[in-house]
Amino acid sequence: MDQNKIPEAPRPPGRRAAPRSSGWGKRLALVCGLTALALGGGAMLLTLFLGGKQPPPPVTFSYRDQILTAIDGLAVNRYGTEGFSTDPLGRVSYERDGLLAKAGIDVSFYQGEIDWQAVAADGVDFALIRLGYRGYTEGGLFLDSSYEANIQGALEAGLEVGVYFFSQAITPQEGMEEAQFVLDALADYDITYPVVFDWEPITPGNGARTDGLDGQTLTQCAVSFCRTIQEGGYQPMVYFNQDQGYLTYDLTQLDQWPFWLAEYDQIPGFYYHFDFWQYTHTGTVAGIQGEVDWNLDLRPTALPEEPEE
């Protein structure tokens, strides 16, 4: 039995139910008919207005073994694949309408002593230099031991220079603290390229204080860092790999700033828009012994926008 219906009380024996008013029934039928007509007409008008089309299904794409739903409103990757090419040294270039994307490297003390004049003469347009880092166990803030030599050498060689900070922030307050550390260390240098928030997970089992940090908190750390850098007069940027971009960060809270994507391939397949692309960590360049990361600057300031489809 439908528990929302109250059963009628039984009629006393021998009594007939009072007849219902036939006039009320006719009026009720008329009202119902007019209501159905109005609803049907409204639905017809809506169908005509929409051209008979149903709302499109959500856009999905695959990443590894997952099907992901595209984030509505977030700009997508429109770099034409035909514009990418790789030379015999493994260096990737991107050309559109006769313009080449700028090529650059990123370095830290791991590259040792660098001959920056030789670097500049070997096809490098810009350098992103590690300014410092937060320790992943004790959480202290430190300058990269080669920071001053690298930034001075790169600037003297005529390269466009930016810096990155290896973050291990676990709160937005720590993100702000890291940004202020960067601003203080940049006070004596005139740079034209971005200041980058570079947060990377530490291999499990090393006692990292960042173990288990959730994506929303990490996103807020990045926001805090970038806002502080921007208020200091520099261009912030956020570095991430595909896993972080798809599965960790909330990119909708960060897309007001450029993205620097790490995806090691000859053509980038990341679904969303990015401005810098780190395409290898095993490159070589004159002036540096050993391997080095190579990057492309794909910003509209260097290349015209890809036309909308």
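Select Glu178 and show its neighbours: leaving out residues up to four places away in sequence, Glu178 touches Arg134, Leu141, Phe165, Ser167, Gln168, Ala169, Phe197 and Phe225. A contact here means heavy atoms within 4.5 Å. The model is a predicted one, in which local features need pLDDT of at least 70 and side-chain atom pairs count only at pLDDT 80 or more, while totals for chains, interfaces and linings use all residues. Residues are numbered from 1 along each chain as its sequence is written, and side-chain values use heavy atoms, with hydrogens and water left out.

Stay on Glu178. Its relative accessibility is 0%, so Glu178 counts as buried. The classes are buried for under 20% relative accessible area, exposed for over 50%, and partly exposed in between, with a 1.4 Å probe and protein chains only. A polar atom of the Glu178 side chain lies 3.4 Å from the backbone nitrogen of Gln168.

Now select residues 172-186. This is helix H4, and Glu178 is found in it. Helices (H or I, at least four residues) and strands (E, at least two) are DSSP runs, numbered from the N terminus.

On the H4 side, select Pro172, Gly175, Met176, Glu178, Ala179, Gln180, Val182 and Leu183; on the H5 side, select Gln220, Cys221, Ser224, Phe225, Thr228 and Ile229. Coloured by class, the contact has eight nonpolar, five polar and one charged residues. Ala, Val, Leu, Ile, Met, Phe, Trp, Tyr, Cys and Pro count as nonpolar, Asp, Glu, Lys and Arg as charged, and the others, Gly among them, as polar.

Next, pick Cys221 and Cys226. Cys221 counts as buried because its relative accessibility is 0%, and Cys226 counts as buried because its relative accessibility is 0%. The structure holds zero disulfides, a disulfide being a pair of cysteine sulfur atoms within 2.5 Å.

Move to Ile267, in the loop between strand S12 (259-262) and strand S13 (276-283). Ile267 counts as partly exposed, because its relative accessibility is 35%. Beyond residues up to four places away in sequence, Ile267 touches Thr81, Phe84 and Trp277. Select Val92 as well: Ile267 and Val92 are 175 residues apart in sequence, and their C-alpha atoms are 8.4 Å apart.

Two loop residues come next. Most residues other than glycine have a negative phi. Arg64, not a glycine, has a positive phi of about 55 degrees. Arg64 sits in the loop between strand S1 (60-63) and strand S2 (66-69) and is exposed, with a relative accessible area of 65%. Asp97, also not a glycine, has a positive phi of about 55 degrees. Asp97 sits in the loop between strand S4 (92-96) and strand S5 (99-100) and is exposed, with a relative accessible area of 66%.

Finally, display the whole chain. The chain has six helices and 14 strands. Of its 309 residues, 41% count as buried. Among contacts between residues at least 6 apart in sequence, 64% join residues at least 24 apart.

Note on methods: A polar contact is a pair of N or O atoms within 3.5 Å; within protein, one must be able to donate a hydrogen and the other to accept it, and residues adjacent in sequence count only if both atoms are side-chain atoms.
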